[in-house]
Amino acid sequence: MSESLKGSHGPGDEESSGVQSDAEPVAEAGTETKPGVATHKEATETASELPKRSKGPRHSRHSKDGTGQTTENKKRGPLLTAGILLRDLVVIIALALLISGVTKAFLLQTFRIPSGSMEQTLVEGDRIMVEKLSPLFAGVKRGEITVFKDSDKWLSGIVATEAPTGFFATEAGQKVDKALQFIGFRPEPGDAYLIKRVIGVEGDRVKCCDTAGYIEVNGKAIKEPYLNPDEVPYPQPFDVTVPPGKIWVMGDNRNHSGDSRAHVSDPSGGFIDTKEVVGTPILRIWPLDRVGVMSKTDAFKDVEP
């Protein structure tokens, strides 16, 4: 016969179920408890007497609202935003100044016409925009109007620097004016540069004049449509050959232009070094009634090298 495997219970044996209970033992009436140890009943009664804790929201400087931001971060938010905007503004201004400086140094620059030597093409007070790349890559061409540095002081004692007025006459205004000149937002003083038309380039023989009163370049008479129509140029005889790296320049208002002709006796011989050339005017930008593109001439198209 087979035996059934059951737990055996004999006198004095303890029941074994293989599972221990984690319930706290409850002392029965009459049972002695250890000092300092509360019974289950006492613990329950004590807990029921404690005031109930509020279930409302807990307030703390680190508590979060519905946006997920802490109170401290919400207070710091506007300051952080202002700091970021200020930083971005500084970066934008710095980039603008850098771009302006590069533009003035290599691309474009504004100038003010200081005299009437180029009338009627340009009149005193005109503002022009000059581009600087053509002379660097294509060289200086006959017939082009060119701006060049007055290294030989042709204007010394002839054309006075325009006196500043208003805010720019103050000490602070002078500093602002120089800064604006540096970045190309204001034209530089008129006595630092000259503007003339190129009549002869390296190797050209330039002569005044033939029997009809025309300038000759390499034996070719030049009919110049840009000359001041209000006056008839009076002949000022000269006969020169332009040295290497030099140009011969003259104003369109021939009777009122201190150009290469007036400086033949100077150490430079009246010639301008091509390294002094700044650029070629492309636009009249002021005054408004004279705004326009600077036209080119084909008066020298038949001149042979």
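Four aromatic pairs turn up when the whole structure is searched; rings of Phe, Tyr and Trp (its six-membered ring) pair if their centres lie within 6.5 Å, with planes under 30 degrees apart counted as stacked, over 60 as edge-to-face and the rest as tilted. A pair of aromatic rings is described by the distance of the centres and the angle of the planes. Phe238, Trp248 and Phe271 come together as one aromatic cluster. This is a predicted model, in which local features need pLDDT of at least 70 and side-chain atom pairs count only at pLDDT 80 or more, while totals for chains, interfaces and linings use all residues. Residues are numbered from 1 along each chain as its sequence is written, and side-chain values use heavy atoms, with hydrogens and water left out.

Another ring to look at is that of tyrosine 226: the charged end of arginine 197 sits over it, 3.6 Å from its centre. For this, NZ of Lys or CZ of Arg has to be within 6 Å of the ring centre and within 35 degrees of the ring normal.

Now step back to the overall plan. The protein has four helices and twelve strands, where helices (H or I, at least four residues) and strands (E, at least two) are DSSP runs numbered from the N terminus. Of its 305 residues, 31% count as buried, meaning under 20% relative accessible area; exposed is over 50%, and partly exposed lies in between (1.4 Å probe, protein chains only). Among contacts with a separation of 6 or more, 69% come from residues 24 or more positions apart, a contact being heavy atoms within 4.5 Å.

Where do the nonpolar residues gather? In soluble globular proteins, nonpolar side chains tend to be buried together. A nonpolar core here is a set of buried Ala, Val, Leu, Ile, Met, Phe, Trp, Tyr and Cys residues joined through side-chain atoms within 4.5 Å. The largest one has 17 residues, and those with the most contacts inside it are Ile199, Val206, Ile215, Val217, Phe238, Trp248 and Phe300. Strands S5 (205-208), S6 (215-217), S8 (238-241) and S9 (246-250) each give two or more residues to this core. A second, separate core of twelve residues includes Phe111, Leu122, Tyr193 and Met294.

Four strands form an open sheet in the order S7-S6-S5-S8, with antiparallel pairing; two strands pair if DSSP finds at least two bridges between them. Its edge strands are S7 (220-222) and S8, each pairing on one side only. From one strand to the next, the twist averages 20°, using axes that are lines fitted to C-alpha atoms (for helices over the stretch in contact) and angles that run from 0 to 180 degrees between N-to-C directions.

You can walk across the sheet strand by strand. S7 and S6 are joined by three bridges, and alanine 221 in S7 is the bridge partner of glutamate 216. Three bridges also join S6 to S5, with valine 206 opposite valine 217. S5 and S8 then pair over four bridges, and lysine 207 stands opposite aspartate 239 in S8. In a regular strand the side chains alternate between the two faces of the sheet. In S5, Val206 and Cys208 make up the covered face, while Arg205 and Lys207 make up the uncovered one.

S5 and S6 form a hairpin with six residues between them, and glycine 213 in the turn has a positive phi of about 90°. Most residues other than glycine have a negative phi, and most peptide bonds are trans. A cis peptide bond joins cysteine 208 and cysteine 209, with omega about 0°; cysteine 209 lies in the loop between S5 and S6. Another cis peptide bond joins tryptophan 286 and proline 287, with proline 287 in the loop between S11 and S12 (292-293).

Asparagine 218, in the loop between S6 and S7, has a positive phi near 55° and is partly exposed, at 29% relative accessible area. Lysine 153 has a positive phi of about 60° and counts as exposed at 57% relative accessibility.
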